[in-house]
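The notes follow the order in which I looked things up.

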Amino acid sequence: MSGDLKVSSPLPARSALVLVALSTLLMAVSYLDRQVFAILAPTITSELAIDDKTYGLLAGMFSIAYLIAPPFAGLLLDTLGVRRALPLAVYVWSCVAATHAGATGIMSLFVLRFALGLAESPSF
């Protein structure tokens with residue numbers, strides 16, 4: 001049949017284990033990273049005078065972005081390939097996470113929380 005799919009050869013066992021370990025580590029770091037905002041909530045809310053409602057909206061910004069971004073993240077991964085797109089996503093996600101330290105107010109946090117949700121979605 002001319003329409004048969006070509007299947008590439010399977011990964012060697014060692015490469016497969018490394019891939020699984022790195023993927024697991026990436027997801028663990030991603031899950032830990034999103035908990036940092038909750039852990040720092042008392043400091044953030046007092047430093048920036050944020051009430052509980054606004055904090056809830058800030059926390060939700062990540063989830064909204066994380067909800068809508070996966071189709072685009074999948075397109076990015078398919079277009080660039082996992083070997084290029086995933087390290088790029090981790091780099092962007094790390095930069096966005098680091099810029100949270102320079103947030104000066106509520107609006108900058110809204111933007112950064114949304115950007116973090118977008119940047120972390122390819123890891124999922």
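I started with what covers the buried residues of H6; the cover includes H1, H2 (41–47), H3 (52–68) and H5. The model is predicted, and I read it as such. The buried residues of H6 are Leu 109, Phe 110, Leu 112, Arg 113, Leu 116, Gly 117, Ala 119 and Glu 120. I noted that Arg 113 and Glu 120 are on that list.

I checked the length of H6 next. The helix has 15 residues. From first C-alpha to last, H6 reaches 21 Å, close to the 21 Å expected at 1.5 Å a residue.

Two packed helices are described by the angle between their axes and the distance between the axes. I looked up both for each partner.

The axes of H3 and H6 come within 7 Å. They cross at roughly 30°. The cut-off for roughly parallel is under 35 degrees, so I put H3 and H6 down as roughly parallel to each other. The crossing of H3 past H6 is right-handed.

Which residues of H3 meet H6? I listed Thr 54, Leu 57, Leu 58, Met 61, Phe 62, Ile 64, Ala 65, Tyr 66 and Ile 68. On the H6 side I listed Ile 106, Leu 109, Phe 110, Arg 113, Phe 114, Leu 116, Gly 117, Leu 118 and Glu 120. By class, the contact of H3 with H6 holds 14 nonpolar, two polar and two charged residues.

**Entry: H5 against H6**

I moved to H5 (residues 82–99). H5 and H6 (residues 106–120) have axes 8 Å apart. Their packing angle is about 160°. Angles over 145 degrees count as roughly antiparallel, so H5 is roughly antiparallel to H6. H5 passes H6 in a left-handed crossing.

From H5, the contact uses Ala 89, Val 92, Trp 93, Val 96, Ala 97 and Thr 99. From H6, it uses Leu 112, Ala 115, Leu 116, Ala 119 and Glu 120. I sorted the residues of the contact of H5 with H6 into nine nonpolar, one polar and one charged.

Is Ala 98 buried or exposed? Ala 98 counts as exposed, at 53% relative accessibility. I also took its distance to Leu 112: 9.8 Å, C-alpha to C-alpha, across 14 residues of sequence.

**Entry: H1 against H6**

H1 (residues 13–39) came next. The axes of H1 and H6 are 12 Å apart. The two helices pack at an angle of about 170°. H1 and H6 are therefore roughly antiparallel to each other.

H1 brings Ser 30, Asp 33, Arg 34 and Phe 37 to the contact. H6 brings Leu 109, Arg 113, Leu 116 and Glu 120. I counted the classes in the contact of H1 with H6 as three nonpolar, one polar and four charged.

I then followed Ser 30. Is Ser 30 buried or exposed? Ser 30 is buried, with a relative accessible area of 0%. What does Ser 30 touch, not counting residues up to four places away in sequence? I found Trp 93, Glu 120 and Ser 123.

**Entry: other positions in H1**

I looked at two further residues of H1.

Arg 14 sits in H1. Arg 14 is exposed, with a relative accessible area of 71%. Arg 14 and Tyr 31 are 17 residues apart in sequence, and their C-alpha atoms are 26 Å apart.

Ala 38 is also placed in H1. Ala 38 is partly exposed, at 42% relative accessible area.

Last, I checked a backbone angle. Where is Ala 49 found? Ala 49 is in the loop between H2 and H3. Its phi is near 50°, a positive value in a residue other than glycine. Ala 49 is exposed, with a relative accessible area of 67%.

Technical notes. Residues numbered from 1 in each chain as written. Predicted model: local features only at pLDDT ≥ 70, side-chain atom pairs only at ≥ 80, totals over all residues. Heavy atoms only, no water. Helix = DSSP H or I, 4+ residues; strand = E, 2+ residues; numbered from the N terminus. Buried < 20%, exposed > 50% of the residue type's maximum accessible area, 1.4 Å probe, protein only. Axes fitted to C-alpha atoms, helices over the stretch in contact; angles between N-to-C directions. Parallel < 35°, antiparallel > 145°, perpendicular 65-115°, else oblique. Left-handed = near helix turned anticlockwise from the far one by under 90°. Contact = heavy atoms within 4.5 Å. Nonpolar A, V, L, I, M, F, W, Y, C, P; charged D, E, K, R; others polar. Expected span 1.5 Å × (residues − 1).
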